[in-house]
Amino acid sequence: MTDLVSSTVTPPTAASGREPNAGRLARPAALVRRFPIIQMVVLVAVYAWGSVRLEGFSSASSLRAMSVLAALLALASLGQTLVILIGGLDLAVPGYITVGAVAAAQLGGDRHWPLWLVCAFTVAVCGLAGAAIGAICHLLRVQSLVVSLGMSSVLIGGVVVATNATTLGIPPASLSSLSAVMSTTFGIPAPPVVVVTIGLVAATWLFLSHTVTGRRLYATGANPLAAEEILIPTGRIRIGVFAFGAAFTGLVGILIAGFSSGASVSTGDPYFYSGLAAVLVGGTALGAAQGDFLRTVLGALTLTGLTTILSGAGLGEGDTRILYGVAIILVVLAYGRGRRLRDRL
Amino acid sequence: MSTTHLPPTDVTSGKPGGRRYGFRRSFLRQPWTFSAILVAGLLAANLLAEHSILAPRYWPSLLGNLAPFVLVAFASTLPILGGGGGIDISVGPQATLTNCLLCAVLFPHGLGSPWVSIPLLLLVGAAVGVVNGLLVAFGRLQPVIVTLATFFVVSGLALRVSPGPAGLASGNWTESVAGRIGILPGGLVTIGVVALAWFGLSRTRVLRTLYAVGADDVAAFSAGVNVNAFRIGAYVASGVLATVAGIALTGVIQTSQPALAPTYSLVALAAVSLGGTSLLGGRGGLMGSFFGAVAIFLLQDLLAATGVPTSYVQLAYGLLLVAGVVLSGLTSRAKVS
């Protein structure tokens, strides 16, 4: 999977070194690569546009509501971010979210399982599915995109079979308070999901930049062959990242069921579009091992702002998808171009 | 890539080649062997479950139902053969966009005549293919990301065009695509035209060059092949074929259903990988995708005939795709070692 992708993308240093005016541009270019400056400028621009266009856009209550939506979107894309960092692509995100959400509604709501048991069940099912994707991709060197697309269908199909497509119960009320817009966290005037997301930005930064495993993750994404040569266990990294991403996304599915007070087999569908768009618009590039969770959070905030503005202007689901698609192409054209054939001779 | 070490016989269009080997040997060497055996097995199982399935009077409707599967599989084969990580995930939405345009725009606005609507739809399909191809070849973006983005855009367009289901009046020409065109079954015509075009191309240098590009693009480039033109051509062909699949699909379902898009992308990829086409490019062909699509169709038919609830279909599609990928990975690994 990864060797396909990464071998065609220029390493960032080589690209800037070849430019004639590299000396003058090196510092700003390095800054832009290191810190998500452009993303922040775009984010501020979107929110400025929103407050000019829509009345009440920048009111406290609307900002709180958008922060919850963006936090859920960012959390649902944490697994995808890590998978993209190691050069994969996980299209099974809607599957994990559906499994988590339906488990919360069916097992937690109808059958009154305790919450920890619902969580354990979700982690087990999604973790296994993710580990299977990682293992197949690593052992057979196939694209994770195709395997995860199949796995998504297996998971959602499994949910359809297991619930018999009947109407589902309502998840336990204790879940809803975690993502309720007006809730507080131990006295902090912000909903728990928002606080958790901010905490995870710091935690993933520490993990990715300051632990051996985190650095190995980047190394695997940047060049899997080189990573294997320096004895990084790329198989364990791939299986681990896919399994962790899947299990975590499943848990976010439980949160989403609590947020929307219900679940169905199509609960995960919107995250197929918006989750991937959040990661890529945030600037985490596929196959270049650049990016982190902070960028995904910025991407999620930007997209949430944009969709709020545009749905205020009366745009529907179809328009949102078109917007996501165009945004992805524009962003990838800006960061993720490969090398020319004549440069690869 | 590993595919460059293969003997030239593997580069044929799926015809049993290599006169040095006997028939049995050359049959077993084809990439599509496994899917052909799978089709034979499933056909036997189908016959046991439901004796009448092969009665001639069912052929037109059987072939009509089969055609969308085979055509989307054909559509997604070409970019994969072109290599460089080439893949077209947007074939499903392209087929449903065609379906939605036909049902919700062309027919209601009096443009439903086949002489007007078919060229218009093919033009739309080719345009989407050109966009995909230009972004991959000249934008130098990864095909996965490009076609995923066009997946989003095209499925969004389909939703815009047809927010709710729009049905067709009975007696329209698309019914004959899923039934009979003249004396021939409609499904046979749509699949047959593509198969003939492929056979024709396999007699020319075009297809061989596509395989060369897929096997090693840098080598093909240094041999003077216009790699970008071949890649763009593959995406355009994919768009056109996905449009034909959308017309065939409309013949079967007779309403607009934008929600089918992911299913058809999935079926197409499953058929291609079951058919033994390497996802790394340069190896495989339409024959394998045909058998792969027939296998998926027969399995779905078998599930229905044996009374398995339709809720299992999605699960079965997913398992087939995973199985196909594992299989394609295992066989290409065996060839390498």
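I checked how covered helix 6 of chain B is, and found 18 of its 19 residues buried, where buried means that 20 or more other C-beta atoms, placed from the backbone, lie within 10 Å of the residue's own. Helices here are DSSP runs of H or I with at least four residues, numbered from the N terminus. I then compared its length with expectation: at 1.5 Å times one less than the number of residues, the helix should span 27 Å, and its end C-alpha atoms are 26 Å apart, which agrees.

I noted that this is a predicted model, in which local features need pLDDT of at least 70 and side-chain atom pairs count only at 80 or more, while totals for chains, interfaces and linings use all residues. Residues are numbered from 1 along each chain as written, and chains are lettered from A in the order in which they are written.

Next I looked at the chain contacts (C-beta atoms within 7 Å) and found 41 residues of chain B in contact with 47 of chain A. Helix 6 (143-161) and helix 14 (312-336) of chain B are among the elements giving two or more residues to that side of chain B, and helix 14 provides the largest share, 13 residues.

Finally, chain A averages a pLDDT (the predictor's confidence in each residue, from 0 to 100) of 84, but over its residues 1-20 the pLDDT is below 50.

Methods:
Two residues are in contact if their C-beta atoms, placed from the backbone, lie within 7 Å. A residue is buried if 20 or more other C-beta atoms lie within 10 Å of its own, exposed if 12 or fewer, and partly exposed in between; C-beta atoms are placed from the backbone.
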